[in-house]
Amino acid sequence: MTDLTQLQSDLTAQIAAATDVAGVEAIRVAALGKSGSISALLKTLGAMSPDERKEKGPLINQLRDAVSAAIAERKTALETAELDARLARESLDLTLPARPRRKGSVHPTMQTMDEMVAVFAEMGFAVAEGPDIEDDFHNFTALNFPPKHPAREMHDTFFFNEGPDGERKLLRTHTSPVQVRAMRKGNTAPPAPWIAAGQEPPIRIIVPGRTYRMDSDATHTPMFHQIEGLVIDKGIHMGHLKWTLETFIARFFETDAVTTRFRPHHFPFTEPSAEMDVGCDRSGGEVKIGTGSDWLEILGCGMVHPNVLRHCGIDPDVYQGFAFGMGVDRLGTLKYGMPDLRDMFASDTRWLAHYGFSAFQAPNLVSGLS
Ligand code: DAH
């Protein structure tokens, strides 16, 4: 018995002396583990006579229970002490600023589009939209492109396969088909709810949207964005067109220093047609607007061709109009100094973080309109 008493007091002393949880665990293994001292005693019970077992069994079991309890108690005490020490050691500085959160940004194209729409909205233009998937009639025929004429190849068109009716749909090559949709009074059942039905003159719309051509280099991407403009009313002439575009350029670039010039050109849907250039400086390798003696073409425009008006059921002897179309992405790269148009669509988040706009700080449609 003294053996058991001795063992209990030894183990109790060891447990009390343990300074960490790992030390207590080592004692537990040495006493109660598979080949522990108490486990060895428990094993001797099987070989004892019933009388002996009756006498020693309870004592050994009592020893095991007492030691298990002491171990559990010491473990809890040490764990609590370790936690207290950690809490005392580690402090939380609530005065530290919060970690910055990753924010998304407004893509430069969308920012540019918003700014352009805001300028035109201030001048009294309404926004109209049309489908990206167009038919030959709206994209070409109604716009006075002669049938089977190579002028149709002017735009490297993405065509779809022939449908069951033999018609080949296409990805619109410009936003000009929306002119036709806006003018055709028979256009009462628009193909999608957001597409405005045709209307009576006076018409004063801009059409921001995606356009597609088979083209890819530093200044062309297969998908790009245009803004189309259309004004139809009585007595409209080139002077209105010129004032509108010059005013737009000054407001968009936020300076009166930008010079413009109109050069004669050809578009099937306008007569006369012109291209507008802005004065720029190319000497430093990049294009700077508002200085220099070079010119950069930025848009096409003209007086709406009488045939286009006729195709839309508008009498050209009563109404006249002007139209224009310009590349949004291109104007964005010019305003914000981005050298390669393709970067706009490369989805490189580092580029977006650098050139993107804050949704809350940058001028946008809402601030432009207010
Ligand atoms: N649709 C022409 C293009 O994509 C641009 C254009 C030129 C639009 C003259 C017009 C216009 O409305 O009158 O190249």
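Colleague: Which elements do the buried residues of α10 pack against?
Modeller: They pack against α5 (108–122), β6 (223–233), α8 (238–252), β9 (288–289), β10 (294–304) and β11 (320–327). Contact here means heavy atoms within 4.5 Å. Helices (H or I, at least four residues) and strands (E, at least two) are DSSP runs, numbered from the N terminus. This is a predicted model, where local features need pLDDT of at least 70 and side-chain atom pairs count only at pLDDT 80 or more, while totals for chains, interfaces and linings use all residues. Residues are numbered from 1 along each chain as its sequence is written, and side-chain values use heavy atoms, with hydrogens and water left out.

Colleague: Which residues of α10 are the buried ones?
Modeller: In helix α10 (residues 328–336) they are V328, D329, L331, G332, T333 and L334.

Colleague: Why is the pair of F120 and F248 called stacked?
Modeller: Rings of Phe, Tyr and Trp (its six-membered ring) pair if their centres lie within 6.5 Å; planes under 30 degrees apart count as stacked, over 60 as edge-to-face and the rest as tilted. The centres of F120 and F248 are 4.5 Å apart and their planes stand at 5 degrees, so this pair is stacked. F120 sits in helix α5 and F248 in helix α8, 128 residues apart, and the pair links these distant parts of the chain.

Colleague: Why does F120 count as buried?
Modeller: Buried means under 20% relative accessible area, exposed over 50%, partly exposed in between (1.4 Å probe, protein chains only). F120 has 0% relative accessibility, so F120 counts as buried. F248, also at 0%, therefore counts as buried too.

Colleague: What makes the pair of F252 and F253 edge-to-face?
Modeller: Their centres are 5.0 Å apart and the angle between the planes is 75 degrees, and over 60 is edge-to-face. Both F252 and F253 are buried.

Colleague: Where does K335 lie?
Modeller: K335 is over the face of F252, 4.6 Å from the ring centre. A charge sits over a ring if NZ of Lys or CZ of Arg is within 6 Å of the ring centre and within 35 degrees of the ring normal. Likewise, R168 lies over the face of F159, at 4.5 Å.

Colleague: How many bridges join β3 and β4?
Modeller: Two bridges, in the antiparallel sense; strands pair if DSSP finds at least two bridges between them, so β3 and β4 qualify. F159 has L170 in β4 as its bridge partner.
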